[in-house]
Amino acid sequence: MLNRRVVLTVVPLVVAGMALSACGSSKKSSSGGSSTGGSSTAANTGNKPTFTIAYEGPLSGGNAQLGLNMKFAVQLAVNEANAAGDLPFTLKYTDADDQGSPDQSPAAAQKLIDDKSVIAVVGPAFSGATKAAEPKFADASLATVSPSATSPTLADGGWKTFFRVVADDNAQGPADADYATKKLGAKNIFAIDDASAYGQPLEKAFEDQAKSDGATVTHQSVPGTTQCQAGSGNTQQYPGVATTIKNSGADTVFYAGYYCDFALLAKALNAAGFTGKLMSDDGSLDPKYIEQAGQNVAEGTYISCACADISTNSAAQDFLTKFKALAKFDSGTYSPEAFDAANTIISVLKQLGAGATREKVLAALPSVDYKGITKEVKFQSNGNISGTAVYIYQVKGGKITSLGLASTS
Amino acid sequence: MCLTHHFSSYFIPGLANGFLYALIALGYTLVYGVLQLINFAHSEVFMSGGFGGLFALNAVIGSKTPSGLESAGFVVIGLVAGAVSGGVVAFVLERVAYRPLRRRHAPKLAFLISAIGMSYFLQNLAGKEFGRDARTMKAPFTLTPSKPLFTVFGEGVTVYYAVIAVAAITMLVLLDRMVNATRLGQGIRAVAQDADTASLMGVDINRVIAQTFIVGGLLGGAAGFLFGLGTAGVSYTMGFVPGVKAFTAAVLGGIGNIRGAMLGGLLLGVIENMAQPCIGANWIDVVSFVILVLVLMVRPTGLLGERLGRSA
């Protein structure tokens, strides 16, 4: 009885929704797909076709700040390309919010795939979300260039649409381990991951290297909390975990996860009286970590990232100014990478001209060579970026400061 | 092996967690007692208490660094503000989401959906109004264990845990007395036992139900404040997991049974914290729910059975 009632009301709604969305996307494709369409958008842009560059990442939820860092960078790249006025097409920007969650990512991806004007995607931002959505993108031949998904296994998925402009955790994890053991003198390390597709392999890579460097490593998997990401953990788990860490006598804690949960752990460690060193990864490289953990707790924390510190790069100063003007906040973690990812796509579109299609973009990306503000973008055959570089940062005086390359600093 | 050292360093936080679960679980159990339905929006009552306490506490503390008697005063202010917010939200919830359905004799399932709807609504309303990031309360006392209040078996008890214990025990005792020895308690028990007969005997059922919601809301709201005082702070999604856990605790102890909810909450909190050093944080829930299933297999009505109707 109940089932029938539900079916009777839900099915028509779904059908109606599908019909509506189908109308929407077919309209868009007619203005985007052909240059002779003469539709309303083509009229005021001089009959140039319109291509949409989409961004997929968290725009709401506990890790939204990381997502917003990238969103505005992509938007800026699109605006700049249009403003230059030399394009044989008009670029548009759109986005899909996946909250960084593998559960929501396929739906966000589908939204972009169904929008026929979308020619390439910057993202998905998080590794778990990428893993969940990439099969859909691959089926639709819609190329994705992630500025921030660093899980190593993503490159083994066999998805021809997967590209990333950032080094993977196989580079980051061992570099962190070497830094902790050799530069910081860590002997007894407590390593924690957030049980996510991002945290677990990163912790594993870290643990293996730290052990071979001669340190003792205790590992525990602590699921990310519902408060921070779509994890299953309870915020009340951290005091207990902090006690375990303190009782273990560890001198260094390595956290493989994101800033929101890391801040909770850091606070709990502080409350438990832990006085050792804290280290985390690119997921924690965000000023919000300091804000949420509190300055006295966060002070001294080491954070690694495959992302370069561009504040000293003269070519990037223009980007920093314009980013702030657009986003109303400073360029953050992965903003420059997202800018590079978007511009890599734009450089491919420039080559292809007005006749670009999803398939042509996908075919051209493997041979791209674009000089970005963070690095030279060239892809390996599995979609990984060529060359690796891991940087170490530290919280000093309430600010995240670059200490330079992990191997030299 | 895992608990041979530092036993009490896991037991004490576990007990503190257990007190919070117990306070929340009482909200589920009281409402179940009088209406035989699960108020799934109770986790948002808890969340409202967190925000109520946060705003009151941050407003009164300002830029002060409180100590001594002043600290105690601030905690009481936060506790009262949290409890009142929880009580008000629970009262409104009953008026908006339950009473109209009750008047129309809606099926039980409708109440459930209505509660889930209110839960989402309140959660997102809070997210929209108060921001999506977790917010921290200004400390009414120092949270570091460098100055533990006193020690139990060699482990220092921090002020935070002591505050939870004192506040929770006070509230639990008051509630127990209230249900067993006051007119309102008599009304609650009468409605729980047989609503129709109670109404024939002159009990105003609607009034008793509203009061039950308020009592549950006061306890849940106070728990929200105590929870928010901890390192996690207050956020619009804070209610979900503790809500599920407290519901589990209520079932474990025997839903509808007030002392059962207290026992279930304490047990669950302690078990969770004890499981963590032994098998890791990602297995905590597995242990809790395996125990729940085992208990329900042997005693389907929970440890102490369903019996709000009878004098506890």
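In chain A, 21 residues of domain 1 are in contact with 21 residues of domain 2, where two residues are in contact if their C-beta atoms, placed from the backbone, lie within 7 Å. Domain 1 of chain A covers 2-168 + 314-377 and domain 2 covers 169-305 + 390-405, and these bounds come from an automatic or database domain assignment. On the side of domain 1 of chain A that touches domain 2, the elements that give two or more residues are helix 3 (64-84) and helix 5 (127-139) of chain A; helices (H or I, at least four residues) and strands (E, at least two) are DSSP runs, numbered from the N terminus. Helix 5 of chain A gives the most to this side, with three residues. By class, the side of domain 1 of chain A that touches domain 2 has four nonpolar, 14 polar and three charged residues, with Ala, Val, Leu, Ile, Met, Phe, Trp, Tyr, Cys and Pro counted as nonpolar, Asp, Glu, Lys and Arg as charged, and the others, Gly among them, as polar.

The model is predicted, and local features need pLDDT of at least 70 while side-chain atom pairs count only at pLDDT 80 or more, although totals for chains, interfaces and linings use all residues. Residues are numbered from 1 along each chain as its sequence is written, and chains are lettered from A and ligands numbered from 1 in the order in which they are written.

Helix 3 of chain A also packs on helix 12 (residues 317-327) of chain A, their axes coming within 10 Å and crossing at roughly 110°; axes are lines fitted to C-alpha atoms, for helices over the stretch in contact, and angles run from 0 to 180 degrees between N-to-C directions. That angle makes helix 3 of chain A roughly perpendicular to helix 12 of chain A, since angles under 35 degrees count as roughly parallel, over 145 as roughly antiparallel, 65 to 115 as roughly perpendicular and the rest as oblique. The contact is formed by A:Phe72, A:Ala73, A:Gln75 and A:Leu76 of helix 3 with A:Lys322, A:Phe323, A:Leu326 and A:Ala327 of helix 12, and by class it has six nonpolar, one polar and one charged residues.

Turning to the sheets of chain A, one is an open sheet of five strands in the order 2-1-3-4-5, with parallel pairing, where two strands pair if DSSP finds at least two bridges between them. Strand 2 (90-97) and strand 5 (162-164) of chain A stand at the edges, each with a single partner strand, so one side of each is left without a neighbour in the sheet. The twist in this sheet averages 25° from one strand to the next. Within it, two bridges join strand 3 (residues 118-122) to strand 4 (residues 144-146) of chain A, which run parallel, and A:Val121 stands opposite A:Thr144 in strand 4.

Another open sheet of chain A has seven strands in the order 7-6-8-9-10-13-14, with mixed pairing. Here strand 7 (216-221) and strand 14 (399-405) of chain A are at the edges, and each has a single partner strand, so one side of each is left without a neighbour in the sheet. Strand 6 (residues 188-193) and strand 8 (residues 252-256) of chain A run parallel and are joined by five bridges, and A:Ile189 has A:Thr252 of strand 8 as its bridge partner. Helix 9 (residues 259-271) of chain A lies across strand 6, strand 8 and strand 9 (277-280) of chain A, running at about 160° to strand 8.

What does each chain give to the contact between chain A and chain B? It takes 28 residues from chain B and 30 residues from chain A. The elements that give two or more residues to the side of chain B that touches chain A are helix 1 (7-35), helix 9 (240-253), helix 10 (258-279) and helix 11 (284-298) of chain B. The largest share of that side, four residues, comes from helix 1 of chain B.

Helix 9 and helix 11 of chain B also pack on each other, at an angle of about 25° and with their axes 10 Å apart, and they are therefore roughly parallel to each other. In this pair, B:Thr248, B:Val251 and B:Leu252 of helix 9 meet B:Ser288, B:Leu292 and B:Val295 of helix 11, and the residues of the contact divide into four nonpolar, two polar and no charged.
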